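The report below goes through selected backbone and packing features of one model. The sequence and structure come before the details.

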Amino acid sequence: MNKPKISIVAGNGLSISFGHFSGLAHHWNSQEPLSWPIDCPSHRHNFLNSLPRLKALHDKYIEHPDFDVFAKALDNATCTKHDIDPFITPLEARHFLTIAFSNYSNKQIELLETCKEWPWYKWIELHKGNIVSAFSLNYDLLLESIFDGVALQYFSLQVNHHGHGIPLVKPHGSVDFEIHPSSISYKPNYPLTNFVDLNDTPIIRLEANKLIYPRSQPLCIIPNESNKYSGYQWVAPANRLFNEEVSKCTHCIFIGISYFECDRPELDSILDRIPISAQIIVANPNPPQEFMERLKGRPVMIWSSYNGPLDSKGNLFTLKDIKTGNLLRNCFCRSGLSYQYCCGAKLL
Ligand SMILES: [Zn+2]
């Protein structure tokens with residue numbers, strides 16, 4: 001009864017934090033996936049050479065940030081202007097992101113083995129018995145790999161998965177999701193000759209060591225794209241399971257969430273379900289101003305260290321009494337925050 005119940009909402013900031021801690025960010029800038037050295041799973045050349053429409057767009061806008069190129073891939077008028085198909089170009093972008101982030105994920109998984117001192121890893125390990133639900137906007141498998149490492153079970157409604165543990169919602173897709181083989185029968189290859197996209201089918205979970213192969217249908221929402229999967233059979237029910245937990249949580253922690261316009265409907269619907277007494281934690285060195293506005297009137301803590309959930313002395317922030325495992329005492333000033341992070345902190 002008296003134990004914390006924590007929901008996690010993770011964004012790109014979690015992967016950025018790991019990139020800095022592990023050194024991965026030196027070679028793999030998560031803002032520039034189009035320049036990553038990604039081999040085509042069908043041929044031994046740069047993957048972009050197998051995706052001619054996306055490559056043409058990239059070449060035309062080579063000076064622009066990668067995320068602008070993805071935004072242009074989604075823009076019907078831009079595709080038409082450059083004489084590339086406005087349906088196939090976003091599909092090529094989905095294939096690119098899926099295979100590129102599969103490679104990136106493999107690097108993360110490899111490095112995580114030697115990075116168990118990463119503060120987020122330690123924090124999740126410390127609170128694993130208190131985490132009741134998770135929601136991730138990332139395609140990569142970092143959160144899952146931490147959960148695997150600390151033996152916290154989770155499921156995302158894949159038909160071949162065990163279905164035990166906490167609900168983990170990945171509404172924008174994931175590199176380990178693939179449509180069920182019985183949903184469609186063809187042999188995918190690059191360059192694409194079949195154009196399969198946006199079918200609402202059951203999904204399966206791929207093993208982490210079997211991610212690099214041509215996908216039947218990539219499951220990946222392009223940056224800046226509104227979520228076309230929100231009503232899908234592996235998203236809507238997962239969201240319901242997540243929301244059931246979030247409506248009973250004592251803490252909801254938003255890790256590295258940017259609150260981009262396209263993600264707001266999903267994030268706002270989570271915020272609407274968090275109990276008014278629950279403490280909200282914004283773990284972000286640069287909390288988005290509009291997100292903070294949205295949280296006004298609630299008990300909110302900001303964890304702004306670049307290194308993860310650490311206080312100014314470098315200690316992990318804990319959301320429970322380490323001796324008893326119970327909730328921390330609320331502050332007498334009625335802020336709704338725990339005393340040690342409210343008036344107690346001001347005494348130090
Ligand atoms: Zn206080």
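Arg 334 is placed in the loop between β9 (300-303) and α12 (343-347); helices (H or I, at least four residues) and strands (E, at least two) are DSSP runs numbered from the N terminus. The model is a predicted one, in which local features need pLDDT of at least 70, side-chain atom pairs count only at pLDDT 80 or more, and totals for chains, interfaces and linings use all residues. Residues are numbered from 1 along each chain as its sequence is written. Arg 334 is not a glycine, yet its phi is positive, about 65 degrees. With 9 C-beta neighbours inside 10 Å, Arg 334 counts as exposed. A residue is exposed if 12 or fewer other C-beta atoms, placed from the backbone, lie within 10 Å of its own, buried if 20 or more do, and partly exposed in between.

Tyr 259, in the loop between β7 and α10, also has a positive phi, near 60 degrees. Tyr 259 is buried, with 20 other C-beta atoms within 10 Å. Pro 191 lies in the loop between β5 (177-179) and β6 (203-205), and the peptide bond joining Tyr 190 to Pro 191 is cis, with omega about -10 degrees. Most residues other than glycine have a negative phi, and most peptide bonds are trans.

## Packing of α6 and α8

Helix α6 (residues 88-112) packs on helix α8 (residues 142-149) at about 30 degrees, with the axes 10 Å apart. Axes are lines fitted to C-alpha atoms, for helices over the stretch in contact, and angles run from 0 to 180 degrees between N-to-C directions. That angle makes α6 roughly parallel to α8 (under 35 degrees; over 145 is roughly antiparallel, 65 to 115 roughly perpendicular, the rest oblique).

Gln 108, Ile 109 and Leu 112 of α6 meet Leu 142, Ser 145 and Gly 149 of α8, contact being C-beta atoms, placed from the backbone, within 7 Å.

In helix α9 (residues 236-246) the buried residues are Ala 238, Phe 242, Asn 243, Glu 245 and Val 246. They lie on the same side of α9 because they cover an arc of only 160 degrees around the axis, taken from the directions from the helix axis to the C-beta atoms. These residues pack against β1 (6-10), β2 (131-136), β4 (166-169), β7 (251-255) and α10 (264-273).

Helix α3 (residues 52-60) buries Arg 53, Leu 54, Leu 57 and His 58. Their arc of only 135 degrees puts them on the same side of α3. Their cover includes α4 (66-73) and α6.

Notes:
Contact = placed C-beta atoms within 7 Å.
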